[in-house]
Amino acid sequence: MGKIIQFFNYDAALSFYEDRIEHMRQGSVTRYNGVHIIAKPILILSVIIGIKNGTFKKNRFDYESLNQIYEHLFRQYFYQGQQTNLTPLCYPFYYLQTDQFWHLSWKGSEQVKTSAPSVAWINRQVDYGFIDEELWLLLQNDLYADKLKEYIIKNKIIQSVVHISKAAEPNWRKGLKSFITMLMAI
């Protein structure tokens with residue numbers, strides 16, 4: 001890592017992908033509390049961590065390698081993201097493609113659609129995931145990879161806590177619920 005391309009506009013690329021990530025589609029933990037499922041942001045963080053630690057040397061993210069990083073990160077941010085359960089990687093791995101910077105390399109000649117991706121389905125249909133080449137270049141630069149990582153954590157994961165604190169439920173009940181939920185996830 002640490003590769004710097006001299007004539008690449010890192011600031012413009014960072015701004016572009018922060019905007020894409022800000023507007024990506026995310027499901028809600030529950031229908032009315034405004035807390036989003038953090039699975040897609042955790043998938044993106046997994047890619048960043050995997051590039052940094054040398055797991056991913058090419059713009060090809062196989063499911064198994066990505067899942068090892070993803071599950072660890074999801075558990076790490078579970079409480080801060082106010083999650084009720086650990087979302088399996090197969091969901092963001094498949095659905096992040098709707099946000100137009102994550103892509104899937106299909107085993108067949110055509111894209112296959114499903115409303116219920118599973119690990120088995122992913123293994124049968126998909127070779128690997130990959131990101132836009134510009135995002136890949138951005139993440140090769142340690143400084144900008146760290147900036148995007150911090151943006152995701154601050155705006156797409158921890159932001160969920162702000163929504164919860166404004167709810168009518170007393171703070172001590174929220175803390176107790178989160179603690180019990182975290183224990184159940186482990």
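How many salt bridges does a search of the whole structure find? The search turns up three salt bridges.

## The ground rules

This is a predicted model, where local features need pLDDT of at least 70, side-chain atom pairs count only at pLDDT 80 or more, and totals for chains, interfaces and linings use all residues. Residues are numbered from 1 along each chain as its sequence is written, and side-chain values use heavy atoms, leaving out hydrogens and water.

Side chains of opposite charge can pair when their charged atoms come close. To count as a salt bridge, a side-chain nitrogen of Lys or Arg has to be within 4 Å of a carboxyl oxygen of Asp or Glu.

## The D99 and K40 pair

Let's start with D99 and K40, whose closest N and O atoms are 2.7 Å apart. D99 sits in the loop between α4 (90-95) and β1 (102-106) and K40 in helix α2 (residues 39-52), so this bridge ties together parts 59 residues apart in sequence. (Helices are DSSP runs of H or I, at least four residues; strands are runs of E, at least two; both are numbered from the N terminus.)

D99 is buried at 7% relative accessibility, and K40 is buried at 9%. Buried means under 20% relative accessible area, exposed means over 50%, and partly exposed is in between (1.4 Å probe, protein chains only).

## The K52 network

K52 meets D146 in a salt bridge at 2.9 Å, N to O. Here D146 in helix α7 and K52 in helix α2 are 94 residues apart. Salt bridges that share partners join K52, D142 and D146 into one network.

The D142 and K52 bridge has an N to O distance of 4.0 Å. D142 lies in helix α7 (residues 142-157) and K52 in helix α2, so the pair connects parts 90 residues apart in sequence. As for accessibility, D142 is partly exposed at 32%, K52 is partly exposed at 35%, and D146 is partly exposed at 34%.
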